[in-house]
Amino acid sequence: NRNHFAALLAALLPPAIALTVENTYGKRPFSAVLSAVPAFVMAAAVAVSGSRGGWVACLAGMVFLAFGLITVRRAIAGIAMIFLACAFVGTILSAPSHYLHDRVADLRRMEKSDSYITRTTAWRDSLRIWKAYPFLGVGANGFRATYPQFRTTSESSFMTHPENEYVQLLVDGGLAGVMIALMLAAAFAYLAKRSLPSAAIQPTLVVALCATMASVLATAAIDFAMHIPLYAVVVVTLLGLLLSPVPEPAMPRFAFGASVLILAAAVAAGIWSAGRVRRDDPVWMSKAGPDELASALAWSPTSSYAWYYLGRKAWGRLDADGTAFGEKCLSRAVAYDPNNYRIWRELALLRAGMGDSKGAEAAARRVRDLRAWVHVALPAGIEQEQ
């Protein structure tokens with residue numbers, strides 16, 4: 001989407017600008033133009049993308065690069081970068097586009113915008129998950145199955161990430177995951193510090209790669225771009241330039257053959273998995289059969305969506321056993337997603353059809369607590385408590 005696209009360009013922009021600076025100082029005009037043109041195109045694309053997160057990431061990289069250039073004796077280029085950053089902001093503010101004007105206007109009333117409310121609410125609710133699983137977290141990819149139990153809003157949208165990599169790291173890995181991430185970051189910084197004196201890399205490019213890291217860190221605070229494979233591969237490839245090459249020892253033939261087999265198996269597994277569907281995807285669940293939904297529950301027993309759609313399938317059989325089993329499934333679904341008024345509404349109707357007046361009234365009352373304007377059309381014999 002536009003946010004991830006803008007974040008990718010914001011990460012690539014500092015190295016492109018650094019190459020332009022070095023080619024200009026080295027009096028290589030043709031090479032300077034070859035690097036300046038994509039730098040200009042990327043900056044313009046971020047500006048007109050309308051991605052406010054992309055704007056923040058791009059400005060973070062530009063500002064860091066500006067002051068970094070001054071520290072490596074490229075003062076003129078650093079000052080020029082400050083003017084370029086101002087021009088970037090000016091382009092966004094003065095562009096003849098109603099869409100960009102609306103996006104900028106939302107920044108002035110950020111606290112009331114849907115994006116801000118959705119993100120900050122998800123962050124607060126995610127911290128509630130962490131408090132329940134403080135040490136080991138819920139596991140990788142566990143957020144999507146756990147979040148509905150802890151969210152405080154009655155929104156029923158399916159969230160896969162909390163729009164913040166730091167919060168997600170805390171939720172997925174707990175304190176143990178945070179410690180591992182910090183150890184990896186410290187190890188990378190140590191190796192980079194040892195590699196730079198012997199690495200054949202210009203100081204300007206080193207500063208640019210650090211500016212890329214500043215852009216990445218800014219993006220991570222408001223989005224989950226690092227979960228996008230293309231973005232992650234580009235970022236780690238750029239940061240890998242900070243490390244000197246490791247001498248490769250001679251590889252025995254059997255080790256080479258084993259490596260080829262492992263690589264072939266990995267490719268085959270990737271091709272096989274690409275043809276599989278996500279068994280925690282609500283769109284897939286809505287079309288899946290009972291056996292497939294049972295398999296989804298075996299893999300993710302706290303998935304409210306799997307319980308819900310399995311209950312719908314059972315309810316649709318229109319017999320006593322199917323209806324009773326469907327009621328149990330929907331009851332389990334609201335236990336794992338207690339603020340989903342849509343499931344509560346269907347549960348009220350199902351219980352009413354079973355003749356469970358007290359259960360239907362309780363479910364209908366829960367619907368009104370979550371959404372006061374939603375009416376549950378219960379049979380005439382069941383009086384709804386006002």
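**Exercise 1. Find which residues of helix H5 are buried, and name what covers them.**

Step 1. The model is predicted: local features need pLDDT of at least 70, side-chain atom pairs count only at pLDDT 80 or more, and totals for chains, interfaces and linings use all residues. Residues are numbered from 1 along each chain as its sequence is written, and side-chain values use heavy atoms, with hydrogens and water left out.

Step 2. Apply the terms. Buried means under 20% relative accessible area, exposed over 50%, and partly exposed in between (1.4 Å probe, protein chains only). Helices (H or I, at least four residues) and strands (E, at least two) are DSSP runs, numbered from the N terminus.

Step 3. The buried residues in H5 are Leu-100, Arg-103, Val-104, Ala-105 and Asp-106.

Step 4. Among the elements that cover these buried residues of H5 are H1, H2, H3 and H4.

**Exercise 2. Describe the largest nonpolar core and the surroundings of Tyr-231.**

Step 1. A nonpolar core is a set of buried Ala, Val, Leu, Ile, Met, Phe, Trp, Tyr and Cys residues joined through side-chain atoms within 4.5 Å.

Step 2. The largest such core has 47 residues, and Leu-13, Met-62, Leu-65, Phe-88 and Tyr-231 have the most contacts inside it.

Step 3. At least two residues of this core come from each of H1 (2–25), H2 (29–49), H3 (52–71), H4 (75–94), H5 (98–108), H9 (203–220) and H10 (229–240). H1 gives the most, with 11 residues.

Step 4. Leave out residues up to four places away in sequence; Tyr-231 then touches Ala-7, Leu-8, Ala-11, Val-216, Thr-219, Ala-225 and Met-226. Contact here means heavy atoms within 4.5 Å.

**Exercise 3. Describe the largest cavity and the largest pocket.**

Step 1. On a 1 Å grid over the protein atoms alone, a cavity is a set of points where a 1.4 Å probe fits but cannot get out; a pocket is an open set with protein on both sides within 12 Å along at least five of seven lines; lining residues have an atom within 4 Å of a point. Grid points are joined across faces, edges and corners, and a volume is the space filled by probe spheres set on the points.

Step 2. There is one cavity of 30 Å³ or more. The largest cavity has a volume of about 60 Å³, and H7 gives the most to its lining, with three residues.

Step 3. The largest pocket has a volume of about 1,100 Å³. Its lining has 34 residues, with Ala-181, Ala-185, Met-213, Leu-217 and Met-226 nearest its centre.

Step 4. Helix H8 (165–195), H9 and H10 each give two or more residues to this pocket lining; the largest share, 13 residues, comes from H8.
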